[in-house]
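Student: I have a model open and want to learn how to read it. Can you walk me through it, feature by feature?

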Amino acid sequence: MDFRKTTCLSLNEKQQILELWNGEYPRDLKYENFEQFEDYLKNLRDQNHILVLDENQDITGWYVDFIRENERWFAVILKSEFQGKRIGTTLIQEVKKYRTELNGWVISTNDYVKCNDEPYRSPLGFYEKNGFLIHKDKMLKTTKIMAIKISWKYNDQS
């Protein structure tokens, strides 16, 4: 696996990431078309991406961080067949070398289903193992999902 950092995604990269998003996230978060996903990306301030590439240079994982409400937020998606192989941990460790804070929303239950009808597995345990704080009092509730805030700060590791 190769990691490639970029601040600007090509059209092909965006299309691969959209496929990854719609394949790995819960069905309720699916983008119906490329334009919807493009709109999501356009609204992210100060984007930084890391693409996880396989031997064919196809995207098997995606990390993005951005500024939201004066905080550094992030999202990670990794194809199911690559989960549990320390790729996600390696990716997070790499990001922690140059970021001092990360915030995210994580679906905390296994109650959701992916577009292929497989169950969506909550990554909450993954983030706990990687040093993130779970903010049980900070919930995101929408008509589509319910998530819990996670955060990591450099000084949390002391």
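**Burial and strands**

Tutor: Start with helix H3 (residues 87-96): seven of its ten residues are buried, so the helix is largely enclosed by the rest of the structure. Buried means under 20% relative accessible area, exposed means over 50%, and partly exposed is in between (1.4 Å probe, protein chains only). Helices (H or I, at least four residues) and strands (E, at least two) are DSSP runs, numbered from the N terminus.

Student: What should I keep in mind about the model itself?

Tutor: This is a predicted model, where local features need pLDDT of at least 70 and side-chain atom pairs count only at pLDDT 80 or more, while totals for chains, interfaces and linings use all residues. Residues are numbered from 1 along each chain as its sequence is written, and side-chain values use heavy atoms, with hydrogens and water left out.

Student: Which residues of H3 are buried?

Tutor: In H3 they are Ile87, Gly88, Thr89, Leu91, Ile92, Val95 and Lys96. As background, an α-helix has 3.6 residues a turn, so residues three or four places apart point the same way.

Student: And how do I read strand pairing?

Tutor: Two strands pair if DSSP finds at least two bridges between them. Here strand S1 (residues 2-6) runs antiparallel to S2 over five bridges, with phenylalanine 3 opposite valine 52 in S2. S2 also pairs with strand S3 (residues 59-68), again in the antiparallel sense, over seven bridges; there asparagine 48 stands opposite aspartate 65 in S3. S2 and S3 make a hairpin with five residues between them, and glutamine 57 in the turn has a positive phi of about 65°. As for burial, S2 (residues 45-53) is mostly covered, with seven of its nine residues buried.

**Charges**

Student: How many salt bridges are there?

Tutor: The rule asks for a side-chain nitrogen of Lys or Arg within 4 Å of a carboxyl oxygen of Asp or Glu, and by it the count is twelve. Take glutamate 13 and arginine 4, whose closest N and O atoms are 2.2 Å apart. Glutamate 13 counts as buried at 11% relative accessibility, whereas arginine 4 is partly exposed at 33%.

Student: Where do glutamate 71 and lysine 149 lie?

Tutor: Those two meet in a salt bridge at 3.5 Å, N to O. The pair links distant parts of the chain, 78 residues apart: glutamate 71 is in strand S4 (residues 71-78) and lysine 149 in strand S7 (residues 146-153). Lysine 149 is buried at 9%. There's a network too: salt bridges link Asp46, Asp65, Arg72 and Arg99.

**Rings**

Student: What about aromatic pairs?

Tutor: Rings of Phe, Tyr and Trp (its six-membered ring) pair if their centres lie within 6.5 Å; planes under 30 degrees apart count as stacked, over 60 as edge-to-face and the rest as tilted. The structure holds 15 such pairs. Tryptophan 21 and tryptophan 62 are tilted, 6.4 Å centre to centre with 50° between the planes. Tryptophan 21 lies in helix H1 (residues 11-24) and tryptophan 62 in strand S3, so the pair ties together parts 41 residues apart in sequence. Tyrosine 127 and phenylalanine 132 are edge-to-face, at 5.2 Å and 80°, and both residues are buried.

Student: Which residues form a ring cluster?

Tutor: Ring pairs join Trp21, Tyr25, Tyr31, Phe37, Tyr40 and Trp62.
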